[in-house]
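Hi,

Here is the structure I promised to pass on. Please open it and keep it beside this email as you read.

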Amino acid sequence: MKFNQIPTPAYICEESKLNNNLKILNEISIKSGAKVLCALKGFAFSPAMLNCANALAGATCSGLNEAKYARSFGFKSVHTYSPAFKDSQIDEIIALSDHIIFNSLNQLRAFGKKAKNAGVSIGLRLNPQSSASPCDAYNPCARYSRLGVSAKMLQNATNDDLDLLDGLHFHALCEQNSKALELVLNAFKANFSALIERKNIKWLNFGGGHHISKQGYDKELLISLINEYSSDFSVYLEPGEAVGWQCGYLLASVLDVVDNEIPTYIIDASAQCHMPDTALMPYRPALRGEILNKNEQKNAHKCRFGGATCLAGDVVGLEAGEPDFYIKEPLKIGDKVIFEDQIHYSVVKNTTFNGVCLPALVWCKDNGEYELKRIFDYEDFARRN
Ligand SMILES: Cc1ncc(COP(=O)(O)O)c(C=O)c1O
């Protein structure tokens, strides 16, 4: 398929860029001995999953659906964690998983023995109460957090509880460099040393949020932090963002322009539905071709982009406080626009609010060819409502 034949809206994932991220993650694995898992909650894009399954040590899954999905693509190992598992799903989850990580002592007591007897390796999520996450919504260690067992909560654990464990897990980072991991590891060690030193603890999972594939990430520090543990434990990392980072974009068409003091282009993609992190969080997607230089902006065309939904706030960049974009020239109806880096945490979170269609999934192969892999239509909308 030629680029101009791609229907809009569409998420276009680029194999060459994905493979580059996978190569970086693989190098970390080779140099540190850590096993790197793909966090499907952040990056699940079916056409790309075989690449991930082949390159990485496994997948980390948030429950039954993601565990099934991981198995369907042949991920070598399936690690399932949820804040709470359901009675009605636990047997299937046990059958699908190599590791199950429980979020609380209650859940460990409810399902741990059963999972262990079935040969699953058992972990407990701990809350190291240290995080440098950019905002509370992304801070699993914030006060009152429901995610993981704090040192105080752990005082209620019995020896029987702790004997069940094979490994320990924490997740405390969000888009962070390895220096932030160092701080979390210090807190982890300080809070849980007695537990870490128990003979039955064979693995440690350092969660996600490691921005490994971003330029400037300190890989050497990460490797040395892992090396402190890798002679005594198997170490796991479970990044989502670092797998899908900068490996694709959202393509949309201009449907109309409304000029109310500033031209706002109505596009067939929606910030709210198709780039949810940009609508709910202070993220602003980059527009391909936009002018960022303040001096050059003075002579540029200033405009905004909004979705074809009834939500007043469905304006790209509004939540980040930067809804104005500067481009060379005004756009015409039918023109295409590209929002960069819209593959991770977008496809997995999109919605059909207002009955809008979900963007198609397009795979741009290593050789530059485009393949239309999925289109979504009325049936998809009707089944969800
Ligand atoms: C438990 C757990 N592991 C891994 C991840 C992946 O994090 P990231 O995509 O930031 O690397 C998340 C994200 O929320 C998570 O909650």
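Below are notes on one helix, the ligand site and some backbone details.

First, the ground rules. This is a predicted model, so local features need pLDDT of at least 70, side-chain atom pairs count only at pLDDT 80 or more, and totals for chains, interfaces and linings use all residues. Residues are numbered from 1 along each chain as its sequence is written, and side-chain values use heavy atoms, with hydrogens and water left out.

**Helix α8**

Start with α8, residues 178-196. Helices here are DSSP runs of H or I, at least four residues, and strands are runs of E, at least two; both are numbered from the N terminus. Where is α8 kinked? The kink is centred on Ala190 and is about 55°. That bend is the angle between axes fitted to the seven residues ending there and the seven starting there. The end C-alpha atoms of α8 span only 21 Å, whereas a straight helix of 19 residues would span 27 Å. The expected span is 1.5 Å times one less than the number of residues.

Which residues of α8 are buried? Among them are Leu181, Val184, Leu185, Phe188 and Phe192. Buried means under 20% relative accessible area, exposed over 50%, and partly exposed in between (1.4 Å probe, protein chains only). An α-helix has 3.6 residues a turn, so residues three or four places apart point the same way. The cover over the buried residues of α8 includes α7 (159-163), β8 (203-205) and α9 (219-230). Contact here means heavy atoms within 4.5 Å.

**The ligand**

Now find the ligand. The residues around the ligand include Ala39, Arg125, His169, His171 and Glu241. Each has a heavy atom within 4 Å of the ligand.

On its own, the ligand has 390 Å² of accessible area, and the protein covers 86% of that. Areas come from the Shrake-Rupley method with a 1.4 Å probe.

**Backbone details**

Thr8 and Pro9 are joined by a cis peptide bond, with omega about -5°. Pro9 sits in the segment before β1 (10-14).

Gln246 is not a glycine, yet its phi is positive, about 50°. Look for Gln246 in the loop between α10 (241-244) and β10 (248-260). Gln246 is partly exposed, at 40% relative accessible area.

Best wishes
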